[in-house]
Amino acid sequence: MHWDRLFEDLEGQLASEWEAERAVLDAESERLRIARLDLRARLRVLCGSDTDALIDLVNGQRLPVTVRTLGADWMAVESRGTGDAVRAPAAALLVPLHAIAGITTDHGMILASLEEAPVSEHALRERMTLGFVLRDLARRRVPVHLTTRVGEVHGTIDRAAADHLDLAVHDPGQARLAGAVQGFRIVPFSALVAVRTAGDQLP
């Protein structure tokens, strides 16, 4: 009986030590996993959940949005109400990732975004670059409202090159006709903060 109690105590000690060692290894593994986690992986989770969020932009504006789609270097969101950069009550917005200064959402979604994102059903969409989407808007002659780091401008994209676009400037509600065009502007992609279109004109 004495030996049985001794072995039971030793087994209990060994099990406790193994459990403590496993907990340390699990914690270290989790720290390493999070250290490798990039912003796009977390945004993928938010997009997959159609998360309501408040986006802070690099120009100081704040947008209440529902996160919809993730691209290679952009995110498509739907405005919720009126924010500083949104005049319309509902609009599709294309936000370059470089223009995001912060995202506020509920704590549950913050924690959920730390988990591994499920395989996206929009893998091809996630490979689309900002230039690719802007070239499609130019091809379809979709009027856009550009928010840049220094102001806002409305018009139609004539063409989108590797790192910039050409915009024919005209008033909202007008078609891009020669008589309506007030001028032309070259806008670097790096200056873009948000691209607004009406309805569901974005991917």
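Modeller: Asp158 has a relative accessibility of 16% and therefore counts as buried, where buried means under 20% relative accessible area, exposed means over 50%, and partly exposed lies in between (1.4 Å probe, protein chains only). Please bear in mind that this is a predicted model, in which local features need pLDDT of at least 70 and side-chain atom pairs count only at pLDDT 80 or more, while totals for chains, interfaces and linings use all residues. Residues are numbered from 1 along each chain as its sequence is written, and side-chain values use heavy atoms, with hydrogens and water left out.

The side chain of Asp158 meets that of Arg176 in a salt bridge, at 2.8 Å from N to O; the term requires a side-chain nitrogen of Lys or Arg within 4 Å of a carboxyl oxygen of Asp or Glu. Asp158 belongs to strand β7, whereas Arg176 sits in the loop between β8 and β9, so the pair ties together parts that are 18 residues apart in sequence. Helices (H or I, at least four residues) and strands (E, at least two) are DSSP runs numbered from the N terminus. Arg176, with a relative accessible area of 28%, is partly exposed.

Asp158 is also one of the residues touched by Asp166, along with Thr156, Ile157, Arg159, Arg185 and Ile186, when residues up to four places away in sequence are not counted; contact here means heavy atoms within 4.5 Å. Asp166 is found in strand β8 and, at 18% relative accessibility, counts as buried. Its side chain makes a polar contact of 2.7 Å with the side chain of Arg159, a polar contact being a pair of N or O atoms within 3.5 Å, of which, within protein, one must be able to donate a hydrogen and the other to accept it, with residues adjacent in sequence counting only if both atoms are side-chain atoms.

These strands belong to an open sheet of 10 strands, in the order β5-β1-β2-β3-β4-β10-β6-β7-β8-β9, with antiparallel pairing; two strands pair if DSSP finds at least two bridges between them. β5 (100-104) and β9 (183-188) stand at the edges with a single partner strand each, so one side of each is left without a neighbour in the sheet. From one strand to the next the twist averages 40°, with axes taken as lines fitted to C-alpha atoms, for helices over the stretch in contact, and angles running from 0 to 180 degrees between N-to-C directions.

Helix α4 lies across β3, β4 (92-96), β6, β7, β8 and β10, and runs at about 95° to β7. The largest nonpolar core has 21 residues, and those with the most contacts inside it are Leu134, Leu146, Ile157, Leu165, Leu167, Leu192 and Val195; such a core is a set of buried Ala, Val, Leu, Ile, Met, Phe, Trp, Tyr and Cys residues joined through side-chain atoms within 4.5 Å. At least two of its residues come from each of β3 (74-79), α4 (130-139), β6 (143-148), β7 (152-160), β8 (164-169) and β10 (192-197), and α4 gives the most, with five.
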